[in-house]
Amino acid sequence: SNNVDMALNDFTIEAYIKPDTGHTGGVIVSKYGGSAGYGLDINELGQARITLFETGSAKISISSSVVVNKGGWHHLLAEIRRSSGIHLFVDGVLSNGSMTGEMPAAEVSLSNSSDMLVGKNMDNSYFSGTLDFLRLSRGNLFDARTTIDELYQWQSDGPFLYDLTGKAPIGNRDAGAIEATGSCELGLSEDSLHFSEIQSERVILVQAPGGYSIRDISGEFFTLTLLEDTILVSVRDNPGLEVMNGSFTVVGCGQTGVVKVLQDGGPCNFICDVNALQLTSSKQTVIFPVTTNGDMTVSSDQAFADAGVVSSGDSVYIHVDQNLSVQERVAEVRIESCQGIHSITVTQDANPIHTGELNPGEISIYPNPVTEQRFRIIVPGGVRELDYNISDLSGKTLQNGKLFSSEELIRLKAQPGSYFLSIKGDELSFKKVLIVL
């Protein structure tokens, strides 16, 4: 039939394409006008998409669950069943992903008077790549007495790809009934490549008079560069722990050779720079970063120190309630990762007992959290020559000085995080956690 105008009937669109790497927005085939129609394209995410139109706009769109714009060949088949829905297949596998809208009612015709356009739509959204095959069928797979498995097998490895003796082509398939006479043996210097987790590359020597080609690439962690008689196989750094496996097939001399590719996972890394925490007697939560690419568990040997992993997975928190005792409290927090254990000693000050006329509760710090690298310390009038000290969570002093008036502006040079501020005098001992944003 030469009628590509679909009305109330089921229909199938099939294509074998190789989009340019990274290509999006290109239309493979379209036939729709101001009222109804259909279109198959590559969406903005690089996925195949089938769309049915009604009353001048998209009625339903279904995108594939995989991308098809990474430089390889892909077999696409969209089966439109007017009474039950749409099946979108990529490389022989059902790949219905995201869907918007709903199916047009079975009694609504998709017929329109617009031209069928191949490689673009009426808005000139051009397809960029290679289109090897396109078929439109007025009916579904059942009507054609076939299945997607049978159809994909035919398209990807059917007899039309070989000569009458069943040999694969040497180079490109030509029109000859017998592809080649004489002796030709495919030779590969390697049939298995093993890479470490570090970025690197290896070369395979190919012996194939008349040329060779590559097909059935499995795995996206390696890239291939084809030269006249060599294949350059490159891998990126593998920061994860998982071992990567893949393969590809070399075709030449009417023969095939499979090359397996394996890349080790990276080593488990675990770094924590905090070894000890000195906390005031007040209720507080301290958060500090931990670097690891493995699983992490956190535990505390004392109930007053609640410790765990923050939701982002890259930091640890330690929370303590106010210490009402006159004795300081000590806990050990253990972080386990990469088959190692890192211990942090957490010490919380006892509830302070103060003498003299000045009540530490009258001292105020603002703003806290600290912004713009500065804050004020306000001490009740009459107090002079108090010492202040600012340290990090490990106890290392970052800044210190004296307070000579009841209100001092402190300029602080510190990275965002948690710090300790202590103020001491003859009749006063005061500590507070500073949060720097």
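**View 1. Centre of the largest nonpolar core.** Phe11, Ile28, Ile50 and Leu52 touch the most other members of the largest nonpolar core, which has 24 residues. At least two residues of this core come from each of β1, β2, β3, β4, β5 (57-67), β6 (74-81) and β7 (85-90). Strand β1 gives the largest share, four residues. The model shown is predicted. In soluble globular proteins, nonpolar side chains tend to be buried together.

**View 2. Aromatic pair Phe11 and Tyr38.** The whole structure holds five aromatic pairs. In one of them, Phe11 and Tyr38 are tilted, at 5.2 Å centre to centre and 50 degrees between the planes. Phe11 sits in strand β1 (residues 11-19) and Tyr38 in strand β3 (residues 36-42). The two are 27 residues apart, and the pair links distant parts of the chain. Both Phe11 and Tyr38 are buried.

**View 3. Aromatic pair Tyr32 and Phe53.** These two rings are stacked: 4.0 Å centre to centre, with 25 degrees between the planes. Tyr32 belongs to strand β2 (residues 27-32) and Phe53 to strand β4 (residues 47-54), so the pair ties together parts 21 residues apart in sequence. Tyr32 is buried, as is Phe53.

**View 4. Salt bridge between Lys31 and Asp5.** Twelve salt bridges are found in the whole structure. Here the side chains of Lys31 and Asp5 meet at 3.2 Å, N to O. Lys31 is in strand β2 and Asp5 in the segment before β1, so this bridge ties together parts 26 residues apart in sequence. Both Lys31 and Asp5 are buried.

**View 5. Salt-bridge network of Asp41, Glu44 and Arg49.** Salt bridges link these three residues in a network. The Arg49 and Glu44 side chains meet at 3.8 Å, N to O. Arg49 is partly exposed, with a relative accessible area of 22%. Glu44 is exposed, at 59%.

**View 6. Salt bridge between Arg376 and Glu407.** The two side chains meet at 3.4 Å, N to O. Arg376 lies in strand β30 (residues 374-378) and Glu407 in strand β33 (residues 407-411), so parts 31 residues apart in sequence are tied together. Arg376 is partly exposed, at 29% relative accessibility. Glu407 is also partly exposed, at 38%.

**View 7. Nonpolar surface patch.** Met116, Val118 and Leu131 form this patch on the surface, with about 200 Å² of accessible area together. Leu131 lies in strand β11 (residues 129-137). Leu131 counts as partly exposed, at 32% relative accessibility.

Technical notes:
Residues are numbered from 1 along each chain as its sequence is written. This is a predicted model: local features need pLDDT of at least 70, side-chain atom pairs count only at pLDDT 80 or more; totals for chains, interfaces and linings use all residues. Side-chain values use heavy atoms; hydrogens and water are left out. Rings of Phe, Tyr and Trp (its six-membered ring) pair if their centres lie within 6.5 Å; planes under 30 degrees apart count as stacked, over 60 as edge-to-face and the rest as tilted. Buried means under 20% relative accessible area, exposed over 50%, partly exposed in between (1.4 Å probe, protein chains only). Patches are made of residues with over 30% relative accessible area and no salt bridge: like charges are joined within 9 Å, nonpolar side chains (Val, Leu, Ile, Met, Phe, Trp, Tyr) within 5 Å. Accessible areas come from the Shrake-Rupley method with a 1.4 Å probe; for residues, only the protein chains shown count as cover. A salt bridge is a side-chain nitrogen of Lys or Arg within 4 Å of a carboxyl oxygen of Asp or Glu. A nonpolar core is a set of buried Ala, Val, Leu, Ile, Met, Phe, Trp, Tyr and Cys residues joined through side-chain atoms within 4.5 Å.
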